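Open the model in a viewer with residue selection to hand.

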Amino acid sequence: MTEWSDWAERELASLRAISRYREPLPFDGDGPIGRVRDSQLISFASNDYLGLASHPQVKLAALSAIERFGTGALASRLVVGTRSLHVELEAELAAWNLSERALVFSSGYSANLGALTTLGGQDVTLFSDELNHASIIDGCRLAKARTVIYRHLDLEQLQSLLRQTPGRKIVVTESVFSMDGDTAPLSALAELCVEHGALLVIDSAHAALGPKLRPIAGLEVLHVGTLSKTLGSLGGFVAGSARLIELLVNRARTFIFTTGLSPADTAAALAAVRIVQSQEGEQLRARLRSLIDMLRPGHPSAIVPVILGDDAAAVTAASQLRAAGIHVPAIRPPTVPKGTARLRVALSASHTETMVGTLQAALAQLNLVASLKHA
Ligand code: PMP
């Protein structure tokens with residue numbers, strides 16, 4: 001035992017004492033059913049919103065890419081780590097996001113870091129919604145810009161902050177908030193940004209069903225997204241005007257100083273983004289919509305939180321659900337604000353009505369139906 005391991009043990013004990021200790025448990029399966037330890041569970045925990053991670057065409061695309069190009073990109077993108085697959089994927093992502101150009105990153109996390117550190121700087125003020133994801137928070141920190149946090153979705157407060165602030169401005173928001181599943185009013189935010197000459201950065205990681213912002217005259221917008229949720233693969237992207245993306249290619253350290261996305265991940269995302277834009281994509285979204293309506297009618301996204309408040313209560317409820325054959329994660333601070341620990345139910349087009357029915361019955365057993373119905 002070294003001094004450092006003693007220290008680590010004390011830190012871990014303090015996390016255990018407040019129900020915040022965590023460990024990654026293997027969930028072995030392909031789709032919503034998998035094995036955890038020795039039991040079979042239905043998962044409502046993944047972000048595979050359209051079920052594309054298990055889609056035969058997506059899997060086949062990954063396998064063929066390995067056959068053609070091997071397993072790794074083997075260098076950073078600007079050295080010799082770019083394949084034509086990356087270029088095709090970037091063109092498809094640009095079209096999907098109604099943007100001129102897109103750039104792929106190793107993850108959504110590094111896409112946010114790359115965008116915010118490249119565009120933010122000492123002469124910039126960043127305005128960030130208080131419930132934005134950790135990757136946005138870290139991007140703001142690393143950007144060395146002044147960061148102003150505005151109250152969740154409070155456009156009045158944002159407007160008055162923008163009015164008071166001279167100089168270059170960036171507003172950054174999620175379009176669907178990852179832990180509450182509520183949505184940002186993108187058109188109103190865009191109008192505010194045009195009025196104040198601010199750049200709008202929209203993180204659409206969870207926007208399997210939209211909302212989507214149409215291009216607006218006079219608005220400079222960057223769409224940040226991930227390949228690892230709706231697109232069932234791994235990686236992230238930023239889409240926007242050709243000029244800004246060109247600058248990211250040359251300045252974003254999380255793009256420049258890391259190995260390109262693997263051929264399999266790239267090809268899987270390419271196949272998936274083509275499906276998303278096809279008739280089949282429409283059908284998958286309609287199916288997801290109807291499953292959401294079973295659980296919470298009219299709810300705008302696939303993320304349905306059941307707020308319990310207390311950390312220990314959330315952990316207990318998650319373990320009771322596990323005993324009933326259902327995997328729903330307990331989400332605690334610092335992922336969500338103190339006093340708002342919750343179960344985070346994530347629905348997917350790959351769930352069946354029977355699976356959602358099983359979840360509803362289990363929540364009823366725990367007297368959680370009222371919390372489920374109301375956000
Ligand atoms: N943005 C948001 C809103 C997210 O929820 C996440 C992942 N949970 C990310 C970015 C990061 O994406 P990735 O998992 O691809 O790094």
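Two strands count as paired here if DSSP finds at least two bridges between them. The model is a predicted one.

**The sheet.** Select β11, β13 and β14. They form an open sheet of 3 strands in the order β11-β14-β13, and the pairing is antiparallel. β11 (303-309) and β13 (330-331) are the edge strands; each has a single partner strand, so one side of each lacks a neighbour in the sheet. Now show β11 with β14 (residues 341-346): the two strands run antiparallel and are joined by 6 bridges.

Helix α12 lies across β11, β13 and β14, and runs at about 35 degrees to β14.

**The helix pair.** Move to α3 (residues 84-96) and α10 (residues 263-276). Their axes come within 9 Å and cross at roughly 30 degrees. Angles under 35 degrees count as roughly parallel, so α3 is roughly parallel to α10. The crossing in which α3 passes α10 is left-handed. To see the contact, show L85, H86, E88, L89, E92, L93 and W96 on α3, and P263, T266, A267, A269, L270, V273, R274 and V276 on α10. Coloured by class, the residues of this contact are 10 nonpolar, 2 polar and 3 charged.

**The ligand.** Finish by selecting the 13 residues around the ligand; S107, G108, Y109, H133 and T226 come nearest. Helix α4 (residues 108-119) supplies the largest share of this shell, 3 residues. By class, the shell has 9 polar, 2 nonpolar and 2 charged residues.

Technical notes:
Residues numbered from 1 in each chain as written. Predicted model: local features only at pLDDT ≥ 70, side-chain atom pairs only at ≥ 80, totals over all residues. Near = placed C-beta within 6 Å. Helix = DSSP H or I, 4+ residues; strand = E, 2+ residues; numbered from the N terminus. Nonpolar A, V, L, I, M, F, W, Y, C, P; charged D, E, K, R; others polar. Contact = placed C-beta atoms within 7 Å. Axes fitted to C-alpha atoms, helices over the stretch in contact; angles between N-to-C directions. Parallel < 35°, antiparallel > 145°, perpendicular 65-115°, else oblique. Left-handed = near helix turned anticlockwise from the far one by under 90°.
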